[in-house]
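Dear colleague,

Here is the structure I said I would pass on. My notes follow below it.

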Amino acid sequence: MTETVHYDREGQIAILTVDNPPVNALGHALRVELLAAIERFEADDAEIAVLVGAGRLFLGGADVSEFGKPPKDPWLPELIGHLERVAKPVVAAIHGAALGGGLEVALGCHYRVALAGAKLGFPEVSLGILPGAGGTQRAPRVVGTDAALELITSGAPVDATRAQVMGLVDRMVEGDDPRLAGIAYAGELLEQGAVARPVADMPAPAAPGRDWSDWNVELEARHPGQIAQIKAAEAVRAACEMSFEDGLAEERRLFDLLVDTPQREALVHAFFLERQVSKLPELKGVEPRAVEAVGVVGGGTMGSGIATAAVLAGLPVTLLEQSEEAADKARLTIEKNLDGAVKRGKLTEEKRGRIDLTTTTDFEALSEADVVVEAVFESMDVKRQVFDQLDHVMKDGAVLATNTSYLDVGEIAGGTRRRADVIGMHFFSPAHVMKLLEVVVPDTTAPEVTATAFALGKRMGKIAVRAGVCDGFIGNRILSHYRAAATEMVLQGASPYRIDAALEAFGFAMGPYKVADLAGLDIGYMTRERKGLQTGEVNPDWDDRLYEMGRLGRKTGRGYYIYDEDSPKGRPDEEVTRLIEEVRAERGVEPREFTDTDIVERYLTAMVNEAARVVGEGIAKRPLDVDAVLLFGYGFPRWRGGPMTYADHVGLATLRDRVARYAEDNPDFWQAAPLLVELADSEKQFKDLN
């Protein structure tokens, strides 16, 4: 068995080095070896110990796969308790990151030194749990209750500088060798006659500056519907009001309670999705083509965003526009995007000065690019013209990608002599910010081209999901269906403002009508017009009338909502309400009442039903791919795991029966997907197909 903890000496200083790549995760085997190393130090004549991690970070967190299973000795709380009770001082030398269980181990040590740039924090709430190895009891004793509450309930890490100010570490030092930093600090402590300093022996922390009830109100506002943050605050409160041992027991009780919740299961599912979506059997053993330079055709909002994402990934970019004026405008947009990245800490000033961006009006300038992404107007004729020109200038082996949102990628490829090199890369706006990338794969695309799109997406920091060819692919196809369900509810009596409020209470950051205002009502109108609806017709989409009235959303100050100085985030508009009432009257609709539950159930049922069709038809290979698309591109609440995970929790038979009930009023729209019926009838779940 490979040794994961190394023990050596520097004079009177023992060094315990954890070497469990890639992230020094605190799985059972490592805990066994670490306990043995601690016991060896106790028996040794060394006077002080340094605990350090090999590789790129100090210690990773606990093994997520062990949650919900009987603990294996030594379990992490036991290990940390033993470490804390060592009679001789132990120093944690932190570099890279000490997150979750890693930080809890550091708090079990008696002293902490961190290298500049290290990150320390408790991300457990992002997995639907709380620090379960003493973090909620030790952190408040070290940094105070308010700081601990913020650290633990936000899940956000702090850097080493901030950690020193808080008192989370005793010292922050420059350098890149945590072993040397730990030995140097341990030497100083020896000279000072330092002794062991168990956090457990520190006084219980004082109550927070604000009332506990105020904290709860704030946490509920910050994280609506979620429970991990509330329970984490309860555990911190136990540190203030109970003995250390009783506080540990309360922390464990609350931890175990969270482990058994659907929210924890959903958040863990979401956590692993980022890796699972890229694991495709069809790409096993397939090498992507080399990508050293990228071209982008079109410098509008989407094209500029794609170019920004590529530049941020360190790739030389050549952007093509129709005129010098448009090319200059695109460059200014990209420069502004990069300035924003610097302000957010995503890009250093040094790298900002080394970006390689060329704008041009000449197709020949793209001839040496390895991948070109087309991001022009959503028209088949326009895109085929672009691809015809790319076909003539691109070098052999180059990948030709289209950023189309709806169009048939196979048809676009059909206008070239290199159909195997053509693929869809559907980015989401703003493309330099949004994580999702749908890789749309026609039957004619070569496997290595698909692998190249996935590799490029990963380099650009995207979560790439494979999609088949159909109208709207995965995300927009499902969107059109649940958006139609919302339209139907409005026609039947629901207010668009009530729909937004109900779905935001469910967990969406924004309801569908706020989202539409943000995107622009012209986007949805052009999509429906492309599908054959003619301007001026009394079409079933009542909201097209808003477009015809010149109300395009935020950019014009009016859409579904009014946007002005008094209401920059929007307020309901009585004119929209009157318009809806007129449309109902024209169609002889007697409005009825919709509760929030009615709204959520219809909206989510429409979403899941169409998602089941998408999976059943093979447009999405697996239900998890649908979850990834809706989570990372469409604002589905992460703590619910995605629509397919939500469906499994609700029960597929329940959803099947809802569709049948809704079909009594509208059988044309409400038809149960064959896959939903098949799984419900056989008492299976979507996750069985993953």
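Over which ring does the charged end of Arg602 sit? The ring is that of Tyr662, and the distance to its centre is 4.2 Å. There is a second case of this kind at Phe41, where Lys88 lies over the face, 4.2 Å from the ring centre.

Please keep in mind that this is a predicted model. The mean pLDDT of the protein is 94, with 97% of its residues at 70 or more. Residues 532–539 have a pLDDT below 50, and in the model this stretch has 13 contacts beyond near neighbours in sequence. Where pLDDT is low, the predicted coordinates should not be read in detail.

On the aromatic side, searching the whole structure gives 13 aromatic pairs. One of them is Phe669 with Trp670: the ring centres are 5.0 Å apart and the planes stand at 85 degrees, so this pair is edge-to-face. Both residues fall under the 20% cut-off for buried, Phe669 at 17% relative accessibility and Trp670 at 3%. Elsewhere, ring pairs join Tyr482, Phe506, Phe508, Tyr603, Phe636 and Tyr646 into a cluster.

Phe506 also belongs to helix H19, which covers residues 496–506. Buried residues in H19 include Pro496, Tyr497, Ile499, Asp500, Ala502, Leu503 and Phe506. The N-terminal end of H19 is capped by Ser495, with a side-chain oxygen 3.0 Å from the backbone nitrogen of Tyr497. Just after the helix comes Gly507, with a positive phi of about 140 degrees.

Regards

Notes. Residues numbered from 1 in each chain as written. Predicted model: local features only at pLDDT ≥ 70, side-chain atom pairs only at ≥ 80, totals over all residues. Heavy atoms only, no water. Phe/Tyr/Trp six-rings, centres within 6.5 Å; stacked < 30°, edge-to-face > 60°. Buried < 20%, exposed > 50% of the residue type's maximum accessible area, 1.4 Å probe, protein only. Lys NZ or Arg CZ within 6 Å of the ring centre and 35° of its normal. pLDDT = per-residue confidence, 0-100. Contact = heavy atoms within 4.5 Å. Helix = DSSP H or I, 4+ residues; strand = E, 2+ residues; numbered from the N terminus. Polar contact = N/O pair within 3.5 Å; in protein donor to acceptor, adjacent residues only side chain to side chain.
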